[in-house]
Amino acid sequence: MAGSVAGCDREKQSGGQAGAGEANISPGQAKDGGLGHFQHQVDRSQKGKTAPTVAFRGPDDAEVTLASFRGKPLLVNLWATWCAPCVAEMPTLDALAAKSGERMAVIAVAQDLQGAEVVDPWFQKAGLKALQPYIDPQNGLLDAANSALPTSIYYDAEGREIWRVVGAIDWQGSEARALLAEAGG
């Protein structure tokens, strides 16, 4: 079950917690551990699926879609400021974004319901160097992914999914490097 691997589901709303649904995740690749360890699963069941057309907001507050990034591979990280595993992997994702240069785009799209009101201050405090604050307060991308937080999806240059990582991963670790190499990233 994606929620048990990822550690986060949905931000609590006034009516309780909304379910994210179950992602179709193949067994294996889960890592156990306490604080400071990342736990995730690699899911290839959506390979070839076209990126969703859902709009979200860019760092300049302009509407953007994943199609805006076509032409080179794209790693999309769906996360939230209230999700501990999401926050834990952010520094390693920022380092990946800094290293990726022109060969691939790396974006982190916050699923916080309060949007920029909470995401912008979090980014300032976190001191990230390469990532910019994209926001999706309507959770359109998360709904389209039918997953839990954090989820990172790797798309090829034409916008087709290659794989996804459900849960937190060390983007500087050997497993992430192998996944990116496998996909040409």
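**View 1. The exposed face of helix α3.** On the face of α3 turned away from its buried side lie the exposed residues Glu 117, Gln 124 and Lys 125. The model shown here and in the other views is predicted. After α3 comes Gly 127, which has a positive phi, near 70 degrees.

**View 2. The buried side of helix α3.** Helix α3 spans residues 116-126, and Val 119, Trp 122 and Phe 123 in this helix are buried. These residues lie on the same side of α3 because they cover an arc of only 100 degrees around the axis. An α-helix has 3.6 residues a turn, so residues three or four places apart point the same way. The elements that cover the buried residues of α3 include β4 (74-79), α2 (84-100), β5 (105-110) and β6 (133-135).

**View 3. Strand β7 and its two faces.** Strand β7 (residues 151-155) is largely enclosed by the rest of the structure, because 5 of its 5 residues are buried. Thr 151, Ile 153 and Tyr 155 are on one side, Ser 152 and Tyr 154 are on the other, and both faces are covered.

**View 4. Pairing of β7 with β4.** The strands β4 and β7 run antiparallel and are joined by 5 bridges. Opposite Thr 151 of β7 stands Leu 78.

**View 5. The hairpin of β7 and β8.** Strand β8 (residues 161-167) pairs with β7 in the antiparallel sense, over 5 bridges. Glu 161 in β8 has Tyr 155 standing opposite. The two strands form a hairpin with 5 residues between them, and in the turn Gly 159 has a positive phi of about 85 degrees.

Key:
Residues numbered from 1 in each chain as written. Predicted model: local features only at pLDDT ≥ 70, side-chain atom pairs only at ≥ 80, totals over all residues. Heavy atoms only, no water. Buried < 20%, exposed > 50% of the residue type's maximum accessible area, 1.4 Å probe, protein only. Helix = DSSP H or I, 4+ residues; strand = E, 2+ residues; numbered from the N terminus. Arc of directions from axis to C-beta. Contact = heavy atoms within 4.5 Å. Pairing = 2+ DSSP bridges.
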